[in-house]
Amino acid sequence: MKTPLRVAVTGAAGQIGYSLLFRIASGAMFGPDQPVILQLIEAPVEKVMLALAGVAMELEDCAFPLLKGIVQTSDPAIGFKDANWCLLIGAKPRGPGMERADLLKDNGKIFIGQGRVIDAVAAADARVCVVGNPANTNCMIAASQAKRLPPERFTAMVRLDQNRAQTQLAQKAGVDLTAVKDIFIYGNHSPSMFPAYAQATINGKPATSVITDTAWLQGPFCEIVGKRGAAVIAARGLSSAASAANALVDHVRSLVTPGAIHSLAVKSNGHYGFDANVWAGMPVRTTTPGSYEVITGHAMDDFAKSKLAATNKELVEERAFVAEMIA
Ligand code: NAX
């Protein structure tokens, strides 16, 4: 029997948490022979902690053989203690009339605190994955507080956008989903992101030779993928939750699978013209479990360059809003 992995999850009583925790405990994230201990972290609010207790009861009632323990806490120092994986889902949602700058600052406080605590108490091999929005900038903020853990340990999720883009290309081409490969997301997890269709293949051929409607690729395709979250809210009355949880399972599963090629938001280091200090979506190849290298050198045409510049501008602006906090 392997040693259990300690998996800390913030926002564990929220919508995404409710779809995610059962899949982690069932083995979908770390594999069918990897036991886990779930360390569930929630806001220090009585009603929320009660809801968390209910989720923990349901986890117990599943009798998952791989689930070796559940911690319930509102204290990050307890929740992140010795964690191998820190999945940061909890964030403050944008309220009515709230400015983007205020949202960034309010979340900045949360992610500064969590970044510091993770750096102080998590396991030596800790990996941090940020889902709570604005995910890229929250990830950058948390990483900025770390002295022990290097920045490449901090990634933000753009996998939901990748999955959405894969499905849209398959539907347009009238092919099975699995025929679409190498569709990567560049930039921010926001409508400004760029799903780089020209790098994708469909049944091994360039996607642009199968879908020759360039106007659709540059217009509706990018728009549908970029605004899919809003479309789900309009239809369901609630934001994407099960698909977001599924994407986080994919994000981590790919990140622990050597050779996997997938999209992650990572510290840009200047790749693809992104500002060196923003966290931007880009293609990576997993090297060893939990580690990756950025796949550089994908050619970009003028349209792609203009999209990358726009999403980079937004990331740089977000960074500027919180610059004082992380200095
Ligand atoms: P919910 O509002 O259902 O749940 C969030 C939970 O986080 C709440 O239970 C709240 O009490 C908790 N929380 C807030 N502050 C916390 C803190 N400081 N420590 C611990 N817990 C805290 O939201 P949900 O639908 O689960 O979405 C969570 C986040 O994911 C949101 O920020 C959302 O915008 C973001 N998303 C990101 C996506 C992505 O692709 N990166 C897609 C889905 C989703 O929109």
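These points cover the domains, salt bridges and backbone geometry of a predicted model.

1. Domain layout. Contacts between the two involve 32 residues of domain 1 and 38 residues of domain 2.

2. Area of the interface. About 2,800 Å² is buried between domain 1 and domain 2, and carbon and sulfur atoms give 63% of this area. On the side of domain 1, the residues that lose the most area to domain 2 are Gln15, Asn136 and Met140, which together account for 21% of what that side buries.

3. Polar terms across the interface. Zero salt bridges are found between domain 1 and domain 2. Polar contacts are present, with a count of 14 residue pairs between domain 1 and domain 2, both residues at pLDDT 80 or more.

4. Elements on the side of domain 1. At least two residues each of the side that touches domain 2 come from α1 (15-26), β4, α4 (100-121), β5, α5 and β6 (154-156). Helix α5 supplies the largest share, six residues. By residue class, the side of domain 1 that touches domain 2 has 20 nonpolar, seven polar and five charged residues.

5. Salt bridges around Asp106. The whole structure holds eight salt bridges. One of them pairs the side chains of Lys92 and Asp106, at 3.0 Å from N to O. Because Lys92 sits in the loop between β4 and α4 while Asp106 belongs to helix α4, this pair ties together parts that are 14 residues apart in sequence. Both partners are partly exposed: the relative accessible area is 37% for Lys92 and 23% for Asp106. Asp106 also forms a salt bridge with Lys109, where the closest N and O atoms are 3.8 Å apart. Lys109 and Asp106 are three residues apart within helix α4, about one turn of the helix. Lys109 is exposed, at 55% relative accessibility.

6. Arg164 and Asp161 meet through their side chains in a salt bridge, 3.6 Å from N to O. The two are three residues apart in helix α6 (residues 159-173), so about one helical turn separates them. Arg164 is buried, with a relative accessible area of 11%, and Asp161 is buried at 0%.

7. Cis peptide. The bond joining Asn133 and Pro134 is a cis peptide bond, with omega about -10°. Pro134 is placed in the loop between β5 (127-130) and α5 (135-144).

8. Positive phi at two aspartates. Asp82, a residue other than glycine, has a positive phi near 60°. Asp82 lies in the loop between α3 (76-79) and β4 (85-88), and it counts as partly exposed at 38% relative accessibility. Asp182 is not a glycine either, and its phi is positive at about 55°. The loop holding Asp182 runs between β7 (180-181) and β8 (185-186). With a relative accessible area of 36%, Asp182 is partly exposed.

9. Surroundings of Thr311. Thr311 is part of helix α11 (residues 302-326). At a relative accessible area of 0%, Thr311 is buried. Not counting residues up to four places away in sequence, Thr311 touches Tyr186, Gly187, Asn188, Ser192, Met193 and Phe274.

Notes
Residues are numbered from 1 along each chain as its sequence is written. This is a predicted model: local features need pLDDT of at least 70, side-chain atom pairs count only at pLDDT 80 or more; totals for chains, interfaces and linings use all residues. Side-chain values use heavy atoms; hydrogens and water are left out. Helices (H or I, at least four residues) and strands (E, at least two) are DSSP runs, numbered from the N terminus. Buried means under 20% relative accessible area, exposed over 50%, partly exposed in between (1.4 Å probe, protein chains only). Contact means heavy atoms within 4.5 Å. Buried area is the accessible area (1.4 Å probe) that two parts lose on being put together, summed over both. A salt bridge is a side-chain nitrogen of Lys or Arg within 4 Å of a carboxyl oxygen of Asp or Glu. A polar contact is a pair of N or O atoms within 3.5 Å; within protein, one must be able to donate a hydrogen and the other to accept it, and residues adjacent in sequence count only if both atoms are side-chain atoms. Ala, Val, Leu, Ile, Met, Phe, Trp, Tyr, Cys and Pro count as nonpolar, Asp, Glu, Lys and Arg as charged, and the others, Gly among them, as polar.
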